[in-house]
Amino acid sequence: MVGLLERYRGRADVVVLGLPRGGVPVAYEVADGIGAPLDVFLVRKLGVPGQPELAMGAIASGGVIVVNDDVVRGLALLPRVIQEVAEREGKELLRRERAYREGRPMVDVAGKVVILVDDGLATGASMRAAIQALRRLHPAEMVVAVPAAPRSTCEELRLEVDEVVCATTPSPFFAVGASYWDFTQTTDEEVRDLLRAAARTRPVPSAQGPTEVSVIRAVATPVEDGVPPDDVLFDLVGEARFVLIGEASHGTHEFYAARARMTRRLIEEKGFCAVAVEADWPDAYRVNRFVRGQGADDTAEESLRGFERFPTWMWRNADVLDFLGWLREHNDRAGDERAKAGFYGLDLYSLHRSAAEVIAYLESVDPEAAARARERYSCFDHSDGEGQDYGLAAAFGAGESCEQAVLDQLVDLHRHALDYARRDGMVAEDELFYAEQNAGLVRDAERYYRTMFGGRVSSWNLRDQHMVQTLDALADHLRTQRGTPAKIVVWAHNSHLGDARATEMSARGELNVGQLVREQHAGDCRLIGFTTYTGTVTAADDWGAPADRKQVRPALADSVEELFHEVGQKEFLVGFGPASPATEALRAARLERAIGVVYRPQTERQSHYFWSRVADQFDAVIHVDETRALEPLERTASWEAGEVPETYPHAV
């Protein structure tokens, strides 16, 4: 938030006032950041006798009393009643002021620019009382600054003061605390400590010191087409078994191509044996059969034809096709099945496809079991092949729940797994594992679709928990087959792979793959993110709409992408090791852009940005300043034409 108040830095006529208690830590950071004196401004409600929650006015620092005329007239309150309450509350206010200031006088605000700071606003009632009271002390200007508030409250306050700075305006807005990673209540002692620290003489922050841009520029490692040199990549990965490589969009060529090249080097030189991607398990397993020389597909393109569900371009694109061609050649050279690297899906959207795959497997090994599975899964028949249809009906009581049926089927399959596993060869082991994962996916997908209509948080968490469970099951399966711990590269969006605890997702109660992998495999994983400033991207206008080639707008102010753009380098890697100066420079919260399969530049801030501490979110970030759109295998006329530039028809 300090960056939004930069124009007040170093001015002798500026005073920062914090509303105790929660507003004082925020006010301290503001005052420290712009080199202004800090004080508190107390406001206490004057409650109606017998109805203390109903405010007939307020009393504030300096003995200023503000009366709510509507309440006073409506209840026919006498002046002596107001006076009695004001005297009582005034004594408490004075006691608190003395305790906080410890004998120091209140800062003179007459003729000054006063920045009034709180930890957030809900209705804004306390802030309005403070504004009315403060106006009696004749400041030259009043500025309200808060980290979070509803947009409507911010707009209303702009009618009462000279400027309102609302750093974030979450929508929907539930509570101030929901906007914080840690909303521990501030104590009186902490308020005193901050005021003592602010009272000490300290120099105005100098613009001549090392800036974040200069720090990053000094430690940035050059990359080529998004790929770091081998020694940098291998030092970063070390002996980690799980390397999670993200993407800032689902439609950027450089992210896909660089990720594929890094994965090739890890397979060739570091013994990685699997790629696990944000894709449906059965569709990705068809690809796995191809790259391992199994299945009926003759080409990499044929193996990708299972990806029929929107958005097809996520996996049916030129960069993935090239990687799969290389992986098949690599495996053909390897010869030994245990030396081959596989390609697997982690996601759970394939409810009906996975159910069909379980039945198909059982038909080949146990026809009676297949009949039981067909009967159990028949409860999904009414949903026309769409998981959302089933979830909507089950959530609102319009159809039967399949919860028990899918659980019974999973138990049945596990019960007979030993018999099925006695078939000869690794291929049989793999096919059993494939079927078991499909059965587990049906169970998790059933829960996912049933909960998705009850709230985003629960369904998001179920999905990412399923992905990590699948990753762990895959690691165990490959370890058993190979006799050594499996090393796996994970491909998914930054929002899944960057640690959720370092983003505003955590404040919403959301977790993700990156967080869970770090918690379960501490020290044995690396999280690598990608960012870009501008360019083009393959994305749709809405879910299910055709793929377009869209212009990516230049990143917003106060974003990590804008900061990286200011470094002035085409592309680079920044690592966040404990000894790196960049770690501290990028530990402050900044906006971060996330483009999925839908891109809505008209609502860029609301639709595509979230707050993050990127140094805690990732172990390293690769920034490519200008990127281009991923090339789908099916290039439509709309994609070929691209988006009309904003300057059209004036552009030359």
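A residue counts as buried when its relative accessible area is under 20%, as exposed when that area is over 50%, and as partly exposed in between, using a 1.4 Å probe and protein chains only. On that basis, 53% of the 652 residues of the protein chain are buried. The structure is a predicted model, in which local features need pLDDT of at least 70, side-chain atom pairs count only at pLDDT 80 or more, and totals for chains, interfaces and linings use all residues. Residues are numbered from 1 along each chain as its sequence is written, and side-chain values use heavy atoms, with hydrogens and water left out.

The secondary structure of the protein chain comprises 26 helices and 19 strands; helices (H or I, at least four residues) and strands (E, at least two) are DSSP runs numbered from the N terminus. Along the principal axes, the C-alpha atoms fill a box of roughly 95 × 55 × 55 Å. With contact taken as heavy atoms within 4.5 Å, 73% of the contacts between residues at least 6 apart in sequence join residues at least 24 apart.

Two strands pair if DSSP finds at least two bridges between them.

Val 14 stands opposite Val 113, and Val 15 stands opposite Val 114. Strand 6 also pairs with strand 7 in the parallel sense over five bridges, and here Val 114 stands opposite Met 142. Five of the five residues of strand 6 are buried: Val 113, Ile 115 and Val 117 point one way, while Val 114 and Leu 116 point the other way.

Four bridges join strand 10 to strand 13 (residues 488-491), and the two run parallel. Strand 10 also pairs with strand 14 (residues 525-539), in the parallel sense and over four bridges. Val 243 stands opposite Val 489 in strand 13 and opposite Arg 526 in strand 14.

A nonpolar core is a set of buried Ala, Val, Leu, Ile, Met, Phe, Trp, Tyr and Cys residues joined through side-chain atoms within 4.5 Å. The largest such core has 72 residues, of which Leu 362, Tyr 377, Ile 488 and Leu 586 touch the most other members. Helix 18 (residues 425-451) supplies the largest share of this core, 10 residues. A second, separate core of 51 residues includes Val 223, Val 277, Phe 323 and Ala 540. Leaving aside neighbours within four places in sequence, Ile 488 is in contact with residues including Phe 242, Val 243, Phe 272 and Leu 471.

Ala 355 sits in helix 13 (residues 351-365) and is buried because its relative accessible area is 7%. Beyond residues up to four places away in sequence, Ala 355 touches Tyr 377 and Val 442. Ala 355 and Arg 374 are 19 residues apart in sequence and 8.4 Å apart in space, C-alpha to C-alpha. Arg 518, found in helix 21 (residues 513-520), has a relative accessible area of 17% and is therefore buried. Residues up to four places away in sequence aside, the contacts of Arg 518 include Asp 499, Arg 501, Asp 616 and Asp 619.

A cavity is a set of points, on a 1 Å grid over the protein atoms alone, where a 1.4 Å probe fits but cannot get out, and lining residues have an atom within 4 Å of a point. Residues lining the largest cavity include Ser 249, Thr 252, Glu 561 and Arg 593.

Note on methods:
On a 1 Å grid over the protein atoms alone, a cavity is a set of points where a 1.4 Å probe fits but cannot get out, and a pocket is an open set with protein on both sides within 12 Å along at least five of seven lines; lining residues have an atom within 4 Å of a point.
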